[in-house]
Structure formats: structure tokens, C-alpha cells
Amino acid sequence: MDPCSFVRIIVGNLAVRFPSPSSSSSEPSVSGTNTSSTSAPNCYSKIKLKTFPRQIVSIPVIFRTESESETRCSTVAACFSLSKAQIEASLKKLKLSVLSIETYSRGEGVNGASCGLASASEKLLGRFEVSLDLKAAETKTCLAHNGWVGLGSNKGGKSRRNKGGSDPELHVSIRVEPDPRFVFQFDGEPECSPQVFQVQGNTKQAVFTCKFGARNSGSGDRNLLHSSSMMSETRSSCISSMKTEKEQPSKERKGWSVTVHDLSGSPVAMASMVTPFVPSPGSNRVTRSSPGAWLILRPDGCTWKPWGRLEAWREAGYSDTLGYRFELFQDGIATEVSASSSISLKNGGSFVIDVTGGTATAGTTPTTSPQGSLDLGSGSSSGSRPESRPGSGSGSDFGYLLPQHPAQSRGFVMSASVEGVGKQSKPEVEVGVTHVTCTEDAAAHVALAAAVDLSLDACRLFSQKLRKELRQQSQLGVV
């Protein structure tokens, strides 16, 4: 099935340029910012797109006597991703396709971007708006703007052309590009051994099955990586509950796993809990100092090979959030690829790996394939395009129509949306097409999504009951 259409808006190369101190003498700029001092004011921008949270970034400042190439910031300031439905909505309401950048200056001694509330020392320099052709960007990259624009304020703060050279200017690059993704939807909670469907518009097609299970506490977690055969079929987690037996409080949650199978029944990925989720001494919560951990594994002949490692914990204080950290394995060495982040335990949220320019959500890409070698520096795979593993039923299921991307280490990698604790969670997974060359690639991201979802349960307070399906495993003595 073809991937789903997505579009990304990338804003970068931001800088503010003021008149040189000698040319402006003691005259203030249009916004009341005096540039007669040799010290540059602090500036930041609020980048807005309708229906999306605004993004606030600090931006560098230069004077017209300085070299642009030496001072301009060349990193990405903001990214917005739009689905096919959002693109279609923008065609009906044109204001949904208007990107706005408001630029502010702040007084000396005020550091860092504000939280969105302008103080008395902050002045609006101007607003720059541009309409984007999102429909055209589904098939080709469009450069909506690249260069300087005057920030002189008219009514409403909109920018105008700088005639006299007395106004500050904003440099910005805005690129809109196609970002197709494979979308997968669990048809149930991961602990209920659900099917996983690939979604394209209103069409769904089953591509994977999941099997939830738990290992006996005496089997040993580390035997998993050195096993000479695939893990045997595990008992379904959704067996009928023994209601007459009183649940005993558990001091640890361990041994959970989710094995992902293709439609031929061959295992193609697994998420395995290798470090138990246990409360820190004197508390009933999993803490950052002693997190639980999952290994995300891929088949390698008759054994499992680690692909990634997910650590999760409950954030300190009264914050009801799950903290996590993800690492990618290459040649047995783990490299952190996703910046520390958090998901609301109550409301759920999204686990995202994104390596677009200077964004802080990731540092590299978990892209690999059965016979390929991954270069973490460039993100490119050496050798020819990998073929499917014999007997796996994989190969051309995903990616066979996709050209090799010249820089696979860039751009959106994946996201997994999960519901909060106590809600029926059917994770939805999006994977960038440049990061999927075979079935195992897609399955690894699906397994990672299952681990993220189950981590919300594993990090519940130990004074609280687990979901029914997980409590049933407790009665078997393996939680």
C-alpha cells in the first residue's frame, strides 16, 4: 500500500539586522529600540501557523557593518507537519496556510525566549506573513521565502519594504516539502496481542500481528540475546481473570514483551523489558535514577539482535509525566538519538524522533536494514539495497517503490501517539518513508511504539492497580 501524504514546513536561517550604530546615531528605531549602543539587543521570534502551538525561538542579531555569513544562524528554528486532511482543510480556509513570524526585542539583562507574554521591556519589531502553497508541496519542494525583509511596522505590525534603511530587518528561509509516511494503527491495546493495520486514507490493511507475553522470573533476561532459537510462542495476556483470587501488591514489573509477526507468522521485531520497573527505596514510583528499560530487537538468523533501547521513568515531584530516553545500537554500541522528553501519564501524548536540522528531539536516525551497514555520521547505508531475509516474508512489502534518499539521517523519523493510563490505547505510528526499506524496518518502529505505550502502565504508582490484562500476568507471578 502507498504511504500517506504529509507536508513539512521548515523555518530556519533566522537573524535580525539593525542599522549600524554610526548611521543611526542616537535615533531610535521604529519599535523604540535604540541601536546607538554597540551592544546588540536580545531578540526572539514567535512563529505561528493556525491550529498549531506557536514556537518561540531566540535569534541572533547583527549590524549592517557586520558580515552576514559569519553571524547568521544556519539551523532550523521551527517545523510544522501537516497530514492530508490538514492540507485539504487549508484549501477551504486560506488563513490555515498563512505562516506568521513576529519578532520582538527585549531590554538588556533579559535573557532567553519569553513564554509568550510580552513585558514592558519587550517591543514588537514587526510581523512577517507568507501564504504557503501546501497542495503543490505534496509533490515537490517549494521555497516560499529566502532573504531579508524589513520589519517596519504598519497597522497590525505587518512588515513592509525598507526604504530608508533605518528599520531593522529579518532574515528567514521558509521551505515547504513533501514528507510521505507509512501510518500504522494498532486495533487494540498492546497487552491484548492486537493486529496492526497499515492505514492509507479510509483504507486499512492488516500487516502485522502482536503477541504479548511475559518471561518467568527465573529464565534470566540476558539469555534473550544469546538464545540459539527464536522465542517460543507466549501465552496471551488477555486470558480470563481469576476473580476469586485476591491480587497481591507487586514490588516489581518485569518480563513483559511484545513480539511482532508478519502475516506469514515469522517474527520480525520484538520489544522486551530487560530492566525491571521497580520503585525507588522509600517510594512507590519508578525514578529517573533507576529507570526500567526495554530492548527493541530484530531477527538476525536464529537469534535476536538489539536495534534500540528505551528507558522510562516517572518524573519527580507532582508532575504526572513519563520521562524517556531512546538509544540506537550500531555494532553493539548504544548511541542516544532522542533528546529527553516526556508524555503525560493522564492524557497521553506522542513519542517523536525528528532529526531535522537543529531540532532538539533527536540527534541521529534509527535507520538500518538486515544486510546493510549504518553510518551514523551521514545516515547512509553502504552496499546495495538489502534483500529480504530468507523465510521472513519481508522485502518488497515496504519501500520497493521508494528511491534511496541522499541523506537518510535528516528529517522526520517516526512518531507514536498513545493514550493516557486508564484509557483504551490503540497506538498510531507514523514512519518516514526514507527510514523503511523492508518489513523489519517498519516492524521495529511498531515494537518501539508498543514499548512506549506499555511504559505508561509500568510507571504507574505501585500503590495503584494495573490494567486487568496486566494484572492477570501478576497472578502468574511474572509481573
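I began with the sheet: four strands form it, open, in the order E3-E2-E6-E7, with antiparallel pairing. I took strands as DSSP runs of E, at least two residues, numbered from the N terminus, and two strands as paired if DSSP finds at least two bridges between them. Strand E3 (55-59) and strand E7 (122-131) are the edges, each pairing on one side only. From one strand to the next, the twist averages 20 degrees; the axes are lines fitted to C-alpha atoms, with angles from 0 to 180 degrees between N-to-C directions.

Before going on, I noted that the model is predicted: local features need pLDDT of at least 70, side-chain atom pairs count only at pLDDT 80 or more, and totals for chains, interfaces and linings use all residues. Residues are numbered from 1 along each chain as its sequence is written, and side-chain values use heavy atoms, without hydrogens and water.

Next I looked at the E2 and E3 pair. Strand E2 (residues 42-49) joins E3 in the antiparallel sense through five bridges. Lys46 has Ile56 in E3 as its bridge partner.

Then I checked cysteines. With a disulfide taken as two cysteine sulfur atoms within 2.5 Å, I count zero. Cys4 is buried at 11% relative accessibility and Cys459 at 0% (buried: under 20% relative accessible area, 1.4 Å probe, protein chains only).

Last, the whole protein. I find five helices (H or I, at least four residues) and 23 strands. Of its 479 residues, 50% count as buried. Among contacts (heavy atoms within 4.5 Å) between residues at least 6 apart in sequence, 68% join residues at least 24 apart.
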